[in-house]
Amino acid sequence: MQFKIFEPEIEVNGPTVYSIIAGLGHFTNLSRRFFSQVGIGTVINKELHVDMNGWYAQSAWLEAFEKIAKTVGDRVLFNIGLSVPANAQFPPWVVDVDSAIKAIDIAYHLNHRKNGRALFNPENGEMNEGIGHYGYERISGENKIISISHNPYPCAFDHGIITAMAHKFAPNAIIRHDDSKECRNKGADSCTYIVMW
């Protein structure tokens, strides 16, 4: 179910929060209002400033994000998702569509932490739970990947992230939501996306 944390104590880093603000474009007044209401960032001269080295409660971030989503709708959420890869940390081995889609889950865990520890350790490859996952299943013999997003973020936002990552290496890739599967917009726990190139 979107906008509902899986576990308490989860935090999201400043660059990830900033990517949402950057992705709002013309709607930056909303980010200033909603994020400052939940204690994320500081408003200085009518601008919202986020500490790029800081960490923010995922629960507060999702609360602000939900308010923004209700105000601007899915198209803007999709565009925000498109902007996330530009500000998130990704491993250096991301070199093609397959590695890009696989890396989303790793980057997702790198940019979140629990009890002061990132949920992915790049030194030993250890991934900790608490925020769900972005799935990766390559369909044998085809240029096709199935990605099941089981996390508290909105469907359209995830669609944008997956699209941006696929388009980094295959600009003509088609990414679609699998409407035959459950959807977080309808109260489900996950959404399924199909990537074809």
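# Chatting through a predicted fold

Biologist: What does the side chain of Thr 16 make a polar contact with?

Modeller: The side chain of Asn 13, at 2.6 Å. A polar contact is a pair of N or O atoms within 3.5 Å; within protein, one must be able to donate a hydrogen and the other to accept it, and residues adjacent in sequence count only if both atoms are side-chain atoms. This is a predicted model, where local features need pLDDT of at least 70 and side-chain atom pairs 80 or more, while totals for chains, interfaces and linings use all residues. Numbering starts from 1 along each chain as its sequence is written, and side-chain values use heavy atoms, leaving out hydrogens and water.

Biologist: Is Thr 16 buried or exposed?

Modeller: Thr 16 is buried, because its relative accessibility is 9% (buried is under 20% relative accessible area, exposed over 50%, partly exposed in between, with a 1.4 Å probe and protein chains only). Leaving aside neighbours within four places in sequence, Thr 16 is in contact (heavy atoms within 4.5 Å) with Trp 61 and Asn 111.

Biologist: And how many residues of helix 1 are buried?

Modeller: Eight of the ten, so helix 1 is largely enclosed by the rest of the structure. Among the buried ones are Gly 14, Pro 15, Val 17 and Ile 20.

Biologist: Which strands does helix 1 lie across?

Modeller: Strand 1 and strand 4, and helix 1 runs at about 65° to strand 1. Axes are lines fitted to C-alpha atoms, for helices over the stretch in contact, and angles run from 0 to 180 degrees between N-to-C directions.

Biologist: What order do the four strands of that open sheet have?

Modeller: The order is 4-1-5-6, with antiparallel pairing. Strand 4 (55-57) and strand 6 (117-118) are the edges, each pairing on one side only. Pairing needs at least two DSSP bridges between two strands. Strand 1 (residues 10-13) and strand 5 (residues 112-114) have three bridges, and Glu 11 stands opposite Arg 113 in strand 5. Helix 5 (residues 97-110) lies across strand 1, strand 4, strand 5 and strand 6, at about 50° to strand 5.

Biologist: New topic! How do the axes of helix 2 and helix 3 cross?

Modeller: At roughly 145°, and the axes come within 8 Å. Helix 2 covers residues 28-37 and helix 3 covers residues 58-72. Where they meet, helix 2 brings residues including Leu 30, Phe 34 and Phe 35, and helix 3 brings residues including Trp 61, Ala 64 and Ile 68.

Biologist: Now strand 12. Which residues are on its covered face?

Modeller: Ile 175 and His 177, whereas Ile 174 and Arg 176 make up the uncovered face. In general, side chains in a regular strand alternate between the two faces of the sheet. Strand 12 (residues 174-177) runs antiparallel to strand 13 (residues 191-196), joined by four bridges. Ile 174 stands opposite Met 196 in strand 13.

Biologist: Is Thr 192 buried or exposed?

Modeller: Thr 192 is buried, at 7% relative accessibility, and its place is in strand 13. Beyond four places in sequence, Thr 192 touches residues including Ile 146, Ile 148, Arg 176 and His 177.

Biologist: And what about Pro 171, buried or exposed?

Modeller: Exposed, with a relative accessible area of 61%. Pro 171 is in the loop between helix 6 (155-169) and strand 12.

Note on methods:
Helix = DSSP H or I, 4+ residues; strand = E, 2+ residues; numbered from the N terminus.
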